[in-house]
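Please look over the sequence and the structure shown here before reading the notes that follow.

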Amino acid sequence: MSTENLLSAIEAREALEEGVFSSEELVEACFLRIDELEESIGAWTNLDKEIALQQAREADDFRRRGLSLGPLHGLPVGIKDIIDTSDYPTELGSSLFHGRTPFEDATLVSLLREAGAIILGKTVTTELAVFAPGKTRNPHNEKHTPGGSSSGSAAAVACAMVPLSVGTQTNGSVIRPASFCGVYAFKPSHGRISRHGVLLQSGPLDTIGVFARTLDDLAIISDVLMRYDNRDIAMTPVAVPNIVKVMSELPALEPRFAFIRTPQWEQVEESSKDGFRELIDSTNDEGAKDFIEIVDLPGIFDGIYQDHQNVMEADLALNFARHYQDGKEQLSSVLCEMIERGQKVLATDYNAAVAKLTDYKECLEEIFEDYDAILTPSTFGPAPLGLESTGNPAMNTIWTFCGNPAINVPLLQSPDGLPVGVQMVGAKGDDARLFRSTRWLLNHLNV
């Protein structure tokens with residue numbers, strides 16, 4: 001049985017460099033895994049084995065010719081089906097877009113190809129990347145949700161169908177499915193990865209994210225994607241973060257972490273609360289200073305959930321207006337209800353929510369003056385039973401609305417053996433430092 005697909009991205013890259021196997025053999029191994037599990041998991045919406053194998057053969061030929069190679073050369077990547085690809089349909093998880101095939105790649109897909117990556121196929125998204133579930137099931141227990149909206153991207157990585165994948169987050173659509181499926185995931189600072197060629201939900205909120213089975217793998221794909229693109233108005237021309245390099249460096253001082261429960265803490269399951277208490281106790285050395293301190297957010301954050309909802313749903317009503325008008329009968333009831341609520345959001349309420357961002361960000365900046373990163377639950381607990389819901393994204397709302405980078409670390413486990421993620425949050429724009437702080441914590445825990 002092939003085992004190449006079980007390797008991390010970095011392990012596979014090293015094996016490719018050493019000639020242990022070819023990119024074609026790696027892609028073949030991924031497809032064998034897909035053939036084995038796809039019927040039960042349903043992580044993919046569009047696959048073409050011959051297209052993927054042809055890319056792999058070209059990558060192998062490129063290597064044999066001794067040409068310069070990119071950091072992802074020969075590595076397969078899955079792409080969420082709201083991200084345009086010129087060689088695969090992009091159907092946005094909706095029958096309204098059945099057979100839609102873009103003429104060009106999204107910017108991020110072009111960057112992946114430039115780095116040598118193999119676009120293995122398109123992963124399942126929820127309907128228009130909102131709440132109506134797709135066909136994907138949780139790899140740890142098929143009766144539980146894999147989360148949303150990047151359900152296929154998280155499940156495909158968790159199943160070792162592919163070492164890397166790309167998703168998006170407008171509320172909790174990267175961190176939540178990563179937590180439920182037990183993989184690493186990174187949602188960068190808002191405006192750090194181009195969204196050109198990606199379905200527009202909400203300009204102030206939409207963020208590209210990535211999935212992997214190790215923190216190092218997250219770093220290598222993030223370094224590839226975090227490049228300025230003037231076609232995305234949220235981006236500014238700043239220096240690339242060089243995450244791999246920064247993460248390998250020791251911090252000048254031992255990091256300090258703020259454990260923040262958030263106003264949603266009471267909804268966190270008791271077993272998860274116990275897990276976080278044990279994590280804090282095991283991290284803080286007896287008789288020495290505490291590396292993790294409990295910090296409470298100011299009361300102003302109680303209103304951030306309504307502010308996020310006003311912005312997100314008003315933007316959905318605007319950006320999905322044509323879909324609602326021309327194809328309402330083909331949209332789910334949950335999406336129609338969100339659009340209809342968004343139609344009723346007053347301009348004054350929308351503008352007030354955007355204006356309050358300044359206050360929220362100032363409060364968080366004060367915390368990051370004293371702490372290197374924030375620890376908080378990724379979700380209320382393990383993946384809920386049932387496939388009719390993708391779970392609650394409330395533990396991600398604050399960080400998405402404020403544009404902070406976040407990493408899901410699969411550290412905890414429920415009494416039933418389901419994964420529970422720890423969410424690491426960094427200061428906005430300081431993505432590389434978040435990776436370095438996360439690496440330090442994992443080393444401190446001997447993980």
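A residue is called buried when its relative accessible area is under 20%, exposed when it is over 50%, and partly exposed in between, with a 1.4 Å probe and protein chains only. The model is predicted, so local features need a pLDDT of at least 70 and side-chain atom pairs count only at pLDDT 80 or more, while totals for chains, interfaces and linings use all residues. Residues are numbered from 1 along each chain as its sequence is written, and side-chain values use heavy atoms, with hydrogens and water left out.

**Overall build**

- The secondary structure comes to 15 helices and 11 strands, where helices (H or I, at least four residues) and strands (E, at least two) are DSSP runs numbered from the N terminus.
- The radius of gyration, taken over C-alpha atoms, is 21 Å, close to the 22 Å that the globule rule gives for 447 residues, so the protein is as compact as a globular protein of that length; the rule itself is 2.2 Å times the number of residues to the power 0.38.
- Along its principal axes the C-alpha trace spans about 60 × 60 × 45 Å, and of the 447 residues 60% count as buried.
- Contact means heavy atoms within 4.5 Å, and among contacts between residues at least 6 apart in sequence, 77% join residues at least 24 apart.
- The protein exposes about 17800 Å², of which carbon and sulfur atoms supply 48%; accessible areas come from the Shrake-Rupley method with a 1.4 Å probe, and for residues only the protein chains shown count as cover.

**The sheet**

- An open sheet of mixed pairing is formed by 11 strands in the order E1-E3-E2-E4-E6-E5-E10-E11-E9-E7-E8, two strands being paired if DSSP finds at least two bridges between them.
- Strand E1 (44-47) and strand E8 (292-295) stand at the edges with a single partner strand each, so one side of each is left without a neighbour in the sheet.
- Neighbouring strands of this sheet are turned by 30 degrees against each other on average, direction ignored; axes are lines fitted to C-alpha atoms, for helices over the stretch in contact, and angles run from 0 to 180 degrees between N-to-C directions.
- Strand E2 (residues 76-80) pairs in the parallel sense with strand E4 (residues 164-169) over 3 bridges, and Val77 stands opposite Leu164 in E4.
- Strand E7 (257-260) runs parallel to E8, joined to it by 4 bridges, and E7 also pairs with E9 in the parallel sense over 3 bridges.
- Phe259 stands opposite Ile294 in E8, and its bridge partner in E9 is Leu375.
- From E7, Phe257 and Phe259 point one way and Ala258 and Ile260 the other way, and all are buried.

- Helix H13 (residues 347-370) lies across E7, E8, strand E9 (373-377) and strand E11 (419-425), and runs at about 115 degrees to E9.
- In helix H7 (residues 215-225), 10 of the 11 residues are buried, so this helix is largely enclosed by the rest of the structure.
- Helix H5 (residues 151-158) has 7 of its 8 residues buried, so H5 is likewise largely enclosed by the rest of the structure, and just after H5, Ala160 takes a positive phi of about 65 degrees.
- Asp307, found in helix H10 (residues 304-319), counts as buried because its relative accessibility is 8%.
- Leaving aside neighbours within four places in sequence, Asp307 is in contact with Ala353, Lys356, Tyr360 and Phe401.

**Aromatic rings**

- A search of the whole structure finds 7 aromatic pairs, counting rings of Phe, Tyr and Trp (its six-membered ring) whose centres lie within 6.5 Å, with planes under 30 degrees apart taken as stacked, over 60 as edge-to-face and the rest as tilted.
- Phe259 and Trp265 form an edge-to-face pair, 5.7 Å centre to centre with 85 degrees between the planes, and both are buried.
- The rings of Tyr360 and Phe401 have their centres 6.1 Å apart and their planes at 70 degrees, so this pair is edge-to-face.
- That pair links distant parts of the chain, with Tyr360 in helix H13 and Phe401 in helix H14 (residues 394-402), 41 residues apart; Tyr360 and Phe401 are both buried.
- Phe257, Phe291 and Trp440 form one aromatic cluster.
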